[in-house]
Structures are given as C-alpha cells and as structure tokens.
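Reader: Before I rely on the labels attached to this model, I would like to see each one set against its definition.

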Amino acid sequence: NNGIEVLKILKERSFDIILMDVQMPEMDGYTATGEVRKLETEAAKIPIIALTAHALIGDKEKCIQAGMNDYVSKPIVPENFIKVIDKWLKIEAKHEKEITPDNPANNEIVFDFSVLEKMSLGDKEFQQELLIAYIKDVDERFVRLRGFIEEKNLPKITGEAHTIKGASYSLGAKKVGDLAYSIELTGRQKDIDNVGQWMEKLSSAISETKRIIEKFLE
C-alpha cells in the first residue's frame, strides 16, 4: 500500500526481487527505494523494478537515479514484464521479440480489447474477473475523486486520477484513462478551477466503458 510497508516487510522476510510502484501514499516509490538502498542488510542489494504510469516523460531516468534497477511502464505487457524479471533474476529463458503495446493516444476507441488480450495472455476467465473488478473499482474511485475535488485537495485529486488512469490503461479502457490523465495533469499544475470540468466527461466515459464491458461479459 505504501513505501513504509515495504521497509517493514523487508525486515521480516527475504525476497528475490521488488516490484516498486512509483506513486504511493505516505512514502512514494522513489523515497522507499532510497531507504532500501541504505539498509545494512542483504535487502539493500535486491533488484528493484519500477512500475509506473504510461507515457510520463522522464520517469525512467528518475527511477534509475533513485536507485532502481529497471523500469516497466503501464499498460504492462506480460511477455515484456517476464523478460525484465528474468533478466534481473538471471533466469535463462527463450523470449520472443519485445511486444510494443498500442499507444492509447494514437486512437479514439473507448476500449481496446487487444490490450486486455495481451495482458491476460488470452485467459477468458481471468479477463472476466479483471473486468468485473475494474467496474467496481472505477466506480468507487470516481466517487472518491469527486469528494477530493469538492475538498479542493490537489494531492489526493492527482493521486486518485493517477490510479484510475493506470488501472484503465492496463486493461484497455483507453477513454477513461485519457480523461483521468487529463485530471492528473491539471492537478499537477495546481489548476483547481479547471479540474472539475473533466469530471462530467469522465463520468460519461465510465458509463460508456461499463456498457461495453457488460456487453462483452454477457
């Protein structure tokens, strides 16, 4: 849930690799990585792979500077993700050439099912579980986001929008991801007056996406 938990669990258990979310509450992934590298135990040497949002310029360099070993951007393509893990665990495996996920900015579709197909490795049952969980999660997060906007809490607005964006892009919910990204960027620019204008569009996109998903699940 946060970087503080990372440090706590490293005192209790050993790991071969750490998958570090970059944006977390209380202590983010950059700070947590720095603290891990300061540890006077073998845990300080564990390979750390950053998991960060789609298309944020400069993220990779920032992750490496923070002490992480590598970087995987969302939406995550399983084949590429496994390749990175194998590299740092020194696992000899035969990999196909790297797959490049479609850039959500390159098309105007609401939901890209090719992304869902890639990230689920074609497992239909897993796809259903993911989509059902996504519908529930995005509804709850939208309500929280609206509350943060009413409170004019910019850090929480930015954080919640970031989470909606990442979850949406990871499954292929392109339109929701794009609008959440717009809210995140507006929040980062501290433009509270214009954050709210995106909410109606986001609400509409969520409804449209849910109709598509529900039809797919029939």
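Predicted model: local features only at pLDDT ≥ 70, side-chain atom pairs only at ≥ 80, totals over all residues.

Reader: What makes T158 buried, and what does T158 touch?
Author: Buried means under 20% relative accessible area, exposed over 50%, and partly exposed in between, with a 1.4 Å probe and protein chains only. T158 has a relative accessible area of 9% and is therefore buried. This residue lies in helix α7 (residues 154-171) and, not counting residues up to four places away in sequence, touches Q23, E184, G187 and R188, contact being heavy atoms within 4.5 Å.

Reader: Why is G67 called partly exposed?
Author: The relative accessible area of G67 is 23%, so G67 counts as partly exposed. G67 sits in the loop between α3 (59-65) and β3 (70-73), and its contacts, leaving aside neighbours within four places in sequence, are T33 and R37.

Reader: How do you know that the length of helix α6 (residues 124-151) agrees with its number of residues?
Author: The expected span is 1.5 Å times one less than the number of residues; for the 28 residues of α6 this gives 40 Å, and because the end C-alpha atoms are 40 Å apart, the two agree. The twelve residues of helix α4 (residues 78-89) should likewise span 16 Å, and the end C-alpha atoms of α4 are 16 Å apart, so there too the values agree.

Reader: Which residues of α4 are buried, and what covers them?
Author: The buried residues of α4 are P78, N80, F81, V84, I85 and D86, and their cover includes β1 (18-21), β2 (48-52), β3 and α5 (113-119). After α4 comes K90, whose phi is positive, near 55°.

Reader: What makes α6 roughly antiparallel to α7?
Author: Their axes are 9 Å apart and the helices pack at an angle of about 160°. Such axes are lines fitted to C-alpha atoms, for helices over the stretch in contact, with angles running from 0 to 180 degrees between N-to-C directions. Angles under 35 degrees count as roughly parallel, over 145 as roughly antiparallel, 65 to 115 as roughly perpendicular and the rest as oblique; α6 is therefore roughly antiparallel to α7.

Reader: Why are α8 and α10 described in relation to each other as they are?
Author: The axes of helix α8 (residues 174-188) and helix α10 (residues 197-217) come within 8 Å and cross at roughly 160°, so α8 and α10 are roughly antiparallel to each other. In α8, K175, V176, L179, A180, S182, I183 and T186 meet W198, M199, K201, L202, A205, I206, E208 and T209 in α10.

Technical notes: Residues numbered from 1 in each chain as written. Heavy atoms only, no water. Helix = DSSP H or I, 4+ residues; strand = E, 2+ residues; numbered from the N terminus.
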